Amino acid sequence: MFHVLVADSISSVGLAPILESEDITVVQKKVDEVEDLTVFDAILVRSATKVTEDLIKQMPNLKIIGRAGVGVDNIDVEAATRHGVVVINAPNGNTVSTAEHTFAMMMALLRHIPQANASVKSGEWKRSQYLGTELYNKQLGIIGLGRIGSEIAKRAKAFGMNVLVFDPFLTKERAKKIGVNSCTLDELLQEADIITVHTPLTKETKGLLGRDNLAKTKQGVYLLNCARGGIIDEEALVEYLENGHVKGVALDVFEVEPPKNNKLLTYDQVIVTPHLGASTKEAQLSVASQVAEEVLKFLNGKPVSSSINLPTLTKEVYEKIQPFYKMAKKIGKLASQCMKEPVSDIEIVYEGSVSELETSFITKSFLSGFLSERIASTVNEVNAGIIAGERGINYSEKIATNRSGYENCISILVDGESSSFRVKATYIPHYGERIIEINGYDIDFYPTGELLYIQHIDKPGVIGRVGNKLGEHQINIATMQVGRKEAGGEAIMMLSLDKPLEQALIDDLLTMDDIVFVRNIHL
Ligand SMILES: NC(=O)C1=CN([C@@H]2O[C@H](COP(=O)(O)OP(=O)(O)OC[C@H]3O[C@@H](n4cnc5c(N)ncnc54)[C@H](O)[C@@H]3O)[C@@H](O)[C@H]2O)C=CC1
Ligand SMILES: O=C(O)CCC(=O)C(=O)O
């Protein structure tokens, strides 16, 4: 049974796929109302619940965090990654709602609708006090032309506004397609009559509209923030409202939510909403069903398409990659067990058709197999790269320049303190995974179950003596592969067994003449 904690208010209609699943139990409670957090495999949140490292530690079974919305700044994604927990969001379910809310705020701001509404309801009729400003022909500056920014741009154009955009990741082609003028931040600040921010809150965007940049804006500028509190520095904003430089502000988001003793709330020219951008029936249904679908995919081992910390794969790519991904994990386990010593470098070379796939995903799968044999904590594709780094293991991947003749091939070189281990494998459709070379010896075996890896001298009788010894201990050999470089030199055996050897028997084998190295491998 897969246990899901829904910690914030998320549409039950949207969550129906998981609420109705027989494989899933769902608890809808706030985190501090839950007695035992340890049982949950998944936690679903909006923006109220803060998924901190501390909370993640209290949930040792946690595998996936779902954010029913866009911004993941309430989730410690780095900590989740370290703990091997996948983080997903619902990136486009609330785009239109937030763009519409921003537009509603813009119109309300320039036509003083909230103030006029309150005035009329209090018995006043002050028509001249609420002289507004048209949107038509105004310069709208959009900072951040992602999903929401683009929807704002479309609507602004329909209103006859000129749209200026600053987004360092915006290509000329995309700007042209959307019909906006891409410019520098300084140009936008100097020319825009109205500025609206639609970026995530990051180190770069925190305080983006602070004292220095506000000083570059037009006298009488209007500002909007329906993205994240803190992109406009609230302290600086107070100063620019006080000195009359900023004419009006619309805020849906705040540095601290709900805002406490926030001076901005005392200005008549500041209009506010309580983080309502995504609060429509449509958006809530859409984000809830997006996360529910993703959780179901995750539970069924299918690729999740909106992961923040895992490579995102389409279904088609995932299907192509899956055999290599599984094979890489086994090779990782094999290499780790053959080489029980600290390693410093791992190089993975992809050859043939596999090199055209998303190899970073395959590399992470190898690393997770390799590391899982060495460390006690959870290691998976999400955190394998970080854990390798923490353990001083450098890993790199390359595409082979020379072809070895196989349709696809993955070659791995692991460098350890006193030795190195080299392994090559290929995947043959309808036949399966094959290990085709170990440490330069040609071999051909299916990596599964209990294996015995032996390095020996290629002499008559060695194989027979090993067989007899195993027979004496009632150990059945299912398959056996032998590889050598030259007659009479060193050689290797890979035996597939029905059960593993006791350590005493391994020690016994090692006392035999011409046996150099013996290792049990469990895949
Ligand atoms: N008020 C609300 O209820 C809601 C707020 N949001 C917030 O709106 C914001 C935008 O969301 P989306 O459009 O979906 O995100 P998005 O990821 O599609 O777009 C963000 C854009 O910001 C740009 N950007 C990043 N750093 C930048 C920088 N330093 N300067 C200028 N541009 C930069 C990116 O290139 C990207 O085009 C997010 O902060 C999100 O959390 C989203 C939904 C609802
Ligand atoms: O859950 C909400 O209503 C907040 C939405 C939001 O801010 C987001 O999706 O980034």
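Reader: Is Cys183 buried or exposed?
Author: This is a predicted model, and here the relative accessibility of Cys183 comes out at 13%. The cut-off for buried is under 20%. So Cys183 counts as buried.

Reader: And Cys409, buried or exposed?
Author: The relative accessibility of Cys409 is 0%. With the cut-off at under 20%, Cys409 counts as buried.

Reader: How many disulfides does the count come to, then?
Author: The rule asks for cysteine sulfur atoms within 2.5 Å. Going by that, the number of disulfides is zero.

Reader: Let's move to the ligands. Which side chain has an N or O atom 2.6 Å from an oxygen atom of ligand 2?
Author: Ligand 2 has several residues around it, including Arg67, Arg228 and His275. For Arg67, a side-chain N or O atom is 3.3 Å from a ligand 2 oxygen, and for Arg228 a polar side-chain atom lies 2.7 Å from one. The 2.6 Å value goes with the side chain of His275.

Reader: How much of ligand 2 does the protein bury?
Author: Start with ligand 2 taken alone, which exposes 290 Å². Of that area, the protein buries 93%.

Reader: How many charged residues are in the shell around ligand 2?
Author: Among the residues around ligand 2 are Arg46, Arg67 and Arg228. Sorted by class, the shell has two nonpolar and five polar residues, and the charged ones number three.

Reader: Where does ligand 1 sit?
Author: Ligand 2 takes up space in the largest pocket. Ligand 1 also has its place in the largest pocket.

Reader: Which residue has a side-chain N or O atom 2.6 Å from an oxygen atom of ligand 1?
Author: There are 25 residues around ligand 1, and Arg147, Ile148, Asp167, Thr199 and Asp252 come nearest. Arg147 uses a backbone N or O atom, 2.8 Å from a ligand 1 oxygen, and Ile148 has a backbone N or O atom 2.8 Å from one too. The side chain at 2.6 Å belongs to Asp167.

Reader: What share of ligand 1 does the protein bury?
Author: On its own, ligand 1 exposes 860 Å². Its shell has 11 nonpolar, 10 polar and four charged residues. The share of that exposed area buried by the protein is 87%.

Note on methods
Residues numbered from 1 in each chain as written. Chains lettered and ligands numbered in written order. Predicted model: local features only at pLDDT ≥ 70, side-chain atom pairs only at ≥ 80, totals over all residues. Heavy atoms only, no water. Buried < 20%, exposed > 50% of the residue type's maximum accessible area, 1.4 Å probe, protein only. Near = heavy atom within 4 Å. Polar contact = N/O pair within 3.5 Å; in protein donor to acceptor, adjacent residues only side chain to side chain. Areas by Shrake-Rupley, 256 points an atom, 1.4 Å probe, with all protein chains shown as cover. 1 Å grid on protein atoms, 1.4 Å probe; cavity = no way out; pocket = protein on both sides within 12 Å on 5 of 7 lines; lining within 4 Å. Sits in = over half its atoms within 2 Å of the grid points. Nonpolar A, V, L, I, M, F, W, Y, C, P; charged D, E, K, R; others polar.
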